[in-house]
Structures are given as C-alpha cells and as structure tokens.
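Have a look at it, then read on.

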Amino acid sequence: LGSDRGKFEARKMALAFDEFGRPFIILREQDQKTRLRGIDAQKANIAAGKAVARILRSSLGPKGMDKMLQGPDGDVTITNDGATILEQMDVDNQIAKLMVELSRSQDYEIGDGTTGVVVMAGALLEQAERQLDRGIHPIRVAEGYEMASRVAVEHLERISQKFEFDVNNFEPLVQTCMTTLSSKIVNRCKRSLAEIAVKAVLAVADLERRDVNLDLIKIEGKVGGNLEDTELIYGILVDKDMSHPQMPKQIEDAHIAILTCPFEPPKPKTKHKVDIDTVEKFETLRKQEQQYFDEMVQKCKDVGATLVICQWGFDDEANHLLMHRNLPAVRWVGGVELELIAIATGGRIVPRFQELTPEKLGKAGMVREKSFGTTKERMLYIEHCANSKAVTIFIRGGNKMIIEETKRSIHDALCVARNLIRNKSIVYGGGAAEIACSLAVDAAADKYPGVEQYAIRAFAEALDSVPMALAENSGLQPIETLSAVKSQQLKENIPFYGIDCNDVGTNDMREQNVFETLIGKQQQILLATQVVKMILKIDDVISNSEY
Amino acid sequence: MQILEDGGPPRAPPASKEVVEKLPVIVFSEEMLKKLGAEVECCICKENLDEHNSCPICRHELPTDDQKYESWKEREKEAEEERKGAENAIDKIFKDDASEEKGERARMASFIGAMAVADLVKSTLGPKGMDKILQSTGRGHSVTVTNDGATILKSLHIDNPAAKVLVDISKVQDDEVGDGTTSVVVLAGELLREAEKLVTSKIHPMTIIAGYRMAAECARDALLKRVIDNKENAEKFRSDLMKIAMTTLCSKILSQDKEHFAEMAVDAVFRLKGSTNLEAIQIIKKPGGSLRDSFLDEGFILDKKIGIGQPKRIENAKILVANTAMDTDKVKIYGARVRVDSMTKVAQIEGAEKEKMKDKVNKILAHGINCFVNRQLIYNFPEELFADAGVLAIEHADFEGIERLGLVTGGEIASTFDNPESVKLGHCKLIEEIMIGEDKLIHFSGVEMGQACSIVLRGASHHVLDEAERSLHDALCVLSQTVNDSRVLLGGGWPEMVMAKEVDELARKTAGKKSHAIEAFSRALVAIPTTIADNAGLDSAELVAQLRAEHHTEGCNAGIDVISGAVGDMEERGIYEAFKVKQAVLLSATEAAEMILRVDEIITCAPRRREDRM
C-alpha cells in the first residue's frame, strides 16, 4: 500500500496563475509524472467508473449479495441498496463521485433501481472503451449512445403495459412491490411488507390527482421483536411518552391541542428588563406568574382539549398543574411529527394560547402509550384519526442493521407503488425489458449510416449486461442463459421473457409476476446514458492538490 | 493443514510457532494473575493462531512455517502489483486509509470475526459456565466479573464489522427479553461455522440462507408444538415461574441460593401485575453480609436519611410526594431581576422571599400531611419549618425513587400546592429508619398499592453485588416477559434437541442443495447442549449421542442434567425455560447469521480523524 500511496501523492498537481493571469500547472515531481489528458484521461475515467460499477454488480437482483460498510465512526451498515452503498463508500475519485451522484439522482427521482443504473452505466463505459480502442472519437460514441438511448426508451414505451388496479383490488401493486423487496434481506416476509407498503401508499394517495405525498408516510423502527411484527398504523407514532408518569396511558376520543408555544410566561422578542425594587412588586410578580400558568391550563381546558401536544417543554409546576387538572400532555414533540399529527388529526398548529379555539383541536379516536421490552421505552400511538391521510409504518427487527435495511427497503417499495399510481405503465423485470431493448437497439443500429452505428451496437451489448449480471448472481451460466432467453424473445416476439433468478422453472415474467415501473426503467437508461456521455467528454484531468 | 489443489487460494495455515512464542505477553497486574491462575492466555489470539496465521480481529498476518503458503503469498503480492499495473489508469477510488475486501476474503473475514466473538463467550454458557474478568480502559481501570453475555460483549472494543453484528444482537436480546444473551451469540456463531464449511464445499451463500430460513421456521414450529401453557392454573403457573427463575439463576453467581432468589424474583414480578416496567422494582445494593441475607421488602425502601430533629418513626403516615424547588423559588417571568438602591430594601426583599417560602411550606402543610418527600433539595430554612411542624421532610430523592414512591403509596407527584383538597396523598402504615449494615435507610411499610417493591442485595464485595444485580435483573426480565406470554419449555438442551430432530426430518424430506444447509442448522442447534456439557467438564459426545437416542421416542423429556452429569428427565428435575426467550434466540441468531452470510464485500471507511488531545 505504501508504494501505491506514493504514486498517488506524486500525481497531485496544482493549477496556478502567473503575473499575467495565464494559467500554468504545477506538478509535484514533475519529471516523473504528467497530467492525464486525451485518450489516457478517458481511459482512466472509464476505468474508475467501471470499478464503481463492479462493486455494485454483485448486489443486483434477488440473489444479489450485500455489502458491509464500516463508517468513519466504526458504525456498521449492511445493505444492498445501491444508493446507500455508494453514499457511504467514502469515495475520493472524481469520476466515482459522478457515479455516486448518478445513483443518488435515481434514488430521488424514482427511489428504486439505484443499483441497476450504476451497473448499466458501468457496462456502457466498458463498451465505450472498446470503441475508443477502435479509434472512434469519444464524441461520436457519445452521440451514438444518445441515439440508442432514444430508441430504447421508445421501445420501452411500446412494450409497456397498462395495468389496472383500484383501491379495492391492489393485488397487482403488491406484486410489483414484492419484486422490489425480493432483492433485499427482508424477502422472508416480502408479502406482508409489500402489503403494508401498498396500503400505506393507498391511504395517503390522492387518486384524483394521481399524486402521492410520501412525506405523509412515516417510517419508525424499534429494535426487538421480529420482522413479522412490523405493522401499519393508521395514525401517528411518536417516540415520546406522557410528560407526567401518573397521567392516564390511554385516552379515547381525544381532542388534541397542538401547541408550538411553551407553557411558561411570555418571552417578548425585544430585550427588556423587569426590575424588582420593592416588596410589593415582588409579590405582584409572584401572583402574576401563578396566574399565567393557571390561565394557560384553563385555556386548554376551556376549549375542550383532552390532550396537549407541545413542541416545547414545560417545567414541573406546569406539568403538575396539567396533571392535576386531568389534562394529559406530551412535551418535546419534534416539528415534523407535530405537522404529521396536525394533518392526521385535522387539527391546527396553534402558536399562541390566545388563538386556541375548539375548531383548531385535532381529533383522534384513540391515543395510547405502549411500552416495549424490558427497558423503559415507550411510544405514543395516535390512532383512528379524523383524517386518515397520515400513516406510520412501524418496523420491528432483530437488530439495528436489519431495521435500517428494512427502512430502506420499505422506502423503495413505497416509491415503486407511488410511481405506479402516477403512471400505470409497467414493463417486465428480470432483465426482460433490457433484453427487449437490446434487440430493438441492435435492429435499429443498421439503419444509421456513419460511425455511430458501432456505438449503437455497443449500447445494445451494454444493455445485455444487466440480465447477464442477474444470471451471474443467481448462479446460472450467464452467456448460455442470456442467449437462450434472447432467442426465445426473438422467436416468439414476446418481450416478457427474462432471467429465471429464483429457479421457478419458467422464463415468462408474466407468470412469475415480476414487474417494474416504466418510468423507473426509462429513467435508468436516460440517466446512465447522460452520465456516460459526460464522462466520455472529459479529456483532461487536473486535480487540485488541496483536498 | 491442507493446501487446496491448485486454483483457489490456500487456506491460511497456522502461524509460525516461533513467532507465536515471541508474541509479547501483556501482564495486567500481579493480583489479577493470581486470581486467574497460572495458565492465562488470550483466548482468541493464541487459539486462533494455532489454526490460522492472522489475528481474528485486525487480520494482521503473522509469518508462517508453511513454505507453500509463504510462496503463494509472494506470488499473490506480485500478481496484485501486476493487476495494479494493468489498471494503472485507475486512481484509487477510495480515500486514503479506506479499504475494501472482496468476495471470499470478505466472507472469511466476517466469519472469523463472528466466530471469534462467539468463542469468546462460549465458555460462559450453561450452569457450569465460567466468568470473565473485564478491565475497563477508562480511568480507574475498574474491574467487572461477569458471565452475562451482553455485558461482556458490550465492553469489548471490536473493529470487525461482523463481530459488531453479533454484539448488537446480544444487546437487543438483553433489551427485549433480558436473558439468553450468550446463547444467541453462540448459536449465531455455530450457524456461521457450519455455513463456512458449506461455502468451502461450493454451496452458494444464498442457498444456505434459504435452507436456514426453512430450518428456522421448522424449528419454531417444533417448539410451538411442545410448549406448555399453565396460565389457567395459577398455582402451577407460579411453580413454572419458580422453575424458570431457578434455571436462569443457576448459571449465575446466585446459583448457590437460587431458591431463595427465585422466590424473591417471582414475588417481585407478581407484584407488577403484568406490567413489564421493571423500574418499579428497586434493587438496593449494600455490601456486607452474605448473599443469603438479601431480602425482598414488601414495602419500599428509600436510600435517604431523615433530617435532623424530625420524627424518626411515623405511624399512619400521610405522604405528599413532590417535585418542586424548595431552595429559592426563582421568578420565572423572563427578564426579571432584582434592582434595589438601598440596604434596607435588600433586607425587605429577602424578607419577602422568606415569606414566600414560608407560604409555600404552609400550603404544603395545609394538606394535612406528616411526611413530605421532595425530588429536589430542601434548604435549611424550610427544613426547619417542617421540623417545627413535626413533619418528616426527605430531600433529594432521585426521580425513579419519586416515581416508585408515587406508585407504592398511591399519591400523585405534586408541584403546585394551591388545592390541598384535590391532591391525592400517599398513605402508608409506618415510616421508620432502619439499618442495613452500616447505613441508615428509610423504610415505608404497609403501603396501599403493592406495585413497586425493593430488593436489598447483600454480598461480600461490590463485584459480587454487581453481578448479583445483573443476574437478578436477567431473572426478573424473563419472569416479567413470561407473565405476559405464559408459554414455557423444558430446559437443559431439551428445546435444542427437539428442534434438531424436527429440522433433521425436514432435511431428509427436502430435495436440492438446501437440505445440506438444513442439516447444518440442526448441527448448529446441537452445538448448544454440547457446549453446555463441555463447559461442565462432561463427556459431551457421549451425552449428546445419548440425548439424541432418547429423543427418538415421541414425547421425550430428556435433557442434560449438568449437576449429576447424566441425561435425565427435565420435567422431573424442574428445569424450565421461557418460550419467548428461546424463540428470540432462534430468530435473531438466524437473522444475524443470514445478514453476515449475505455480505460479499466489506468497505471500511477511513476512521474519522480525532483531534489529538495529548
């Protein structure tokens, strides 16, 4: 490693300007190294991109393996979610960072297929390298890719199928979510988790506008129990308990006052001083103080609140007054939770006591405190809310890493369900869509005159790499399997044949119920092409010695 | 050690004898060595070095005696250089110091790490398990003696990520059910050990996982078929609980007095009436006396002294439990400050302050109480006022103390005192000062609601008491969980044998490569009774074979009786375990093993730079 480090150090260089403002480059140990430019730069960049893709390649598909990541503070993450792996990988190379960005943007946009997009980009780079070796100019390769990606996306549109579901018949949605979950560690109970995810999405979905606000779905996790205990709560779960240990643990038909003001005397924003210089003033101040507390509690009582949820804390005195007046309260509830509670219970967040009115109270059928395990951990369930638009998925699992991974998996499943509600088109998974596209692109290649033809064919070949990786990870003979499936697709002209990863015995993805969303797939191809184009266009690498 | 035929990398051979010999031996201290006896050696490193040449924790390779391996290493190094040359265009993708381990190597690293941890705690399993001494690196180098798996693992500094997974499951087991913290790690370790064999015989980890899952499911069903549930019969249920408590305690330091402590634990848990809030059971540790002198107190004991000049004994006490400032009552209005221009005014304000405090005391006294317990400090002035009124005032009870006191006496925790008529007061028959050993404590007896109680532990030293507390805590946890889920199983390796038998059946019925994994699962299960027997110095092979034969007959209750060193009927011996514990052990061990198996690459980030505080 030492010699390697030496090389690395030596490669550092700096860009400086002389007195006329002309740039020049300072290289350390200049006689040994030159900066990378031209074809070398492209080759180096391609190699870096490929290296990243190679790491993720083995995580693809239902039989993909996980990566164990040890963070800078010694914390351990085990995952096969592409975006998470790349995020935590502590990458230093610029091109590798681009790949990280790529996976992240797929995560933001679609939420699923983060591994696939990187593998795809890696394959495109690999093919590009071959074209460069043949002497094709990188820009022509990039252009060829661009054309090919258009063909592929159009073809996807053509082979996609509408699929029908509604609130009562959400089975197809569950099937799609199961495809997503089957590649994760949670696939043991993918059925129940997929159902939970779909129900959660349907609960918050606005089917008229075809929109889903995923912010309304809160994912909470607590170690202990096992995955089967994971549940969907039509309401909110708050990781807090009642402010006073002797307050009731269960409230039916709760009228909730949601406050962002603390239970304490007012604090004007402007600077001020209250001077106490006589005994009388001292006395009045004392009286006033007591009155304040009394009034605040009285206000809440008056409007008919039976539960107070406060963003701030309150001191012992206020706490006891609340308890004494039989008004249960929860303190230190975070802003996000507060908003969710407000949405769920149909209440309004009240910033001042004076503005408290009965209409602004939230309503919930049941609020209860539940304790877990042997330690003193309690959580507050707010259920049967007036407006059921906010739900919580509560994950249990054997250890912290399982819970974190389950959270990520559920997030993926939620995204898939949301995408389907937005756009009902699906394509078939298991590499079927990629194979179909590869065939289409290959066929289209011949129609293009010019050098781009080669790049387009290379694109088709790169598309094959996804099913190839799937087969490889599933322990199948990659080349044999792929060519068999390909010929099957071509012969019967049916784009549903994919790789049989789970050893079910059929290649027909319709029978296996393996779907992916059309927009997800399209996005994968577009994003991968874009990044590869960007990488190909770089012909000079100057790195700053400072980082 | 055999080198694999050409192709795959050879298995790491044992480290060179010479080098191992020369390894520095770290001497802790004279006393510790005396305690430990003469044959002390680091159980992980040395043992491991006999088999492999690398440290299980840091993977540093020591030179070996094996010529072939050494030359393979050389070649490997060269090949590595070459590969680097070929890809010389790739800059390092990772930051300096970040590292990456791939494929087989990564898997081996995690297997070895996990197994090292499992082996570390293995010797503490079972009634004859041994304890470990833990010396902290912090200030004072405090020493803990324990055989509680979770405690041992919590205090280890581990760098191996897979080992961390095991530590984590042990911690969760502790939080969730309180017991079985060692078993869960040992089982996970055994599962991985079996998996390693399967991986070397070219079975894909995913196939192993699939097999393990089927096996775990089947094992759980086997247990479910054989559970005993005596919830209906209160008397039987109690005796079940007693037996569970005794089984749990018999592997701990309390094993000599297990009946005594089991009785205590069961009584305490019954007082909770189904709640799992163990906070309500207060454990007071007082060095001195012997473990046998420990007792459960029906009432409540507060580790505080009674103020001077106040009554030492109150009958029919009316108690106000409060959480209020009794020093100076500060003005809570923001920005208030005292500003005076003469000395007299200072005196006046001071007077007013005193008056205010006096008012407060009077208000408190208006509740008609004769005992006042406050969470916060009580200053001399109010204390004197209370003494004058003949009221017992106790200051600075901690928060748990206050909460428990509220629970036992049925009083509410008050912070304002304006409505004496509606504040619920606590009641108890007698408050008195008692002596335990040298210390004076306040004892509340004849309380109304018996939800909380105190257990006073006596013992020779702090270490004994700490370990006793941990043991008792384990027992209490298990019992409180069992009260809610009253299903119980027999102990002494019986559940493992039952599971192993069913799993074996399943393996025979299953077609495909999975059946190897299922078989391996059953072997891992049997490893637990084997370890228990081994730790007790018994002939484990003989006993386990006998046990297996016994279990061939339907409805057999045979398990290993460590005390007599033979196979016996567990029902007769009264060795019981809680179903919930066994289930949690089974499921989380499988989950952890699965998680580690799925890993094919380890990426370690550069450690965060910490500022040098030297």
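Q: What follows H4(A), and what is its phi?
A: Gly111(A) follows H4(A), and its phi is positive, near 90 degrees. The model is a predicted one, in which local features need pLDDT of at least 70, side-chain atom pairs count only at pLDDT 80 or more, and totals for chains, interfaces and linings use all residues. Residues are numbered from 1 along each chain as its sequence is written, chains are lettered from A and ligands numbered from 1 in the order in which they are written, and side-chain values use heavy atoms, leaving out hydrogens and water.

Q: How does the reach of helix H4 of chain A compare with what is expected?
A: Helices are DSSP runs of H or I with at least four residues, and strands are runs of E with at least two, numbered from the N terminus. H4 covers residues 94–109 of chain A, 16 residues in total. The expected span is 1.5 Å times one less than the number of residues. From first C-alpha to last, H4 reaches 23 Å, close to the expected 22 Å.

Q: Which residues of H4(A) are buried?
A: Buried means under 20% relative accessible area, exposed means over 50%, and partly exposed lies in between (1.4 Å probe, protein chains only). Among the buried residues of H4(A) are Ile95(A), Met99(A), Leu102(A) and Gln106(A).

Q: Why can the buried residues of H4(A) be said to line one face of the helix?
A: The arc is taken from the directions that run from the helix axis to the C-beta atoms. Down the axis of H4(A), the buried residues fall within an arc of 160 degrees, so they line one face.

Q: What covers the buried residues of H4(A)?
A: The cover includes helices H2 (39–57), H3 (82–87), H5 (114–133), H12 (400–422) and H17 (518–537) of chain A.

Q: Why does Val340(B) count as partly exposed?
A: Its relative accessibility is 32%, so Val340(B) counts as partly exposed. Val340(B) sits in the loop between strand S9 (336–338) and helix H12 (343–365) of chain B.

Q: How much of each chain is buried?
A: In chain A, buried residues make up 57% of the 547 residues. In chain B, they make up 52% of the 614 residues.

Note on methods:
Contact = heavy atoms within 4.5 Å.
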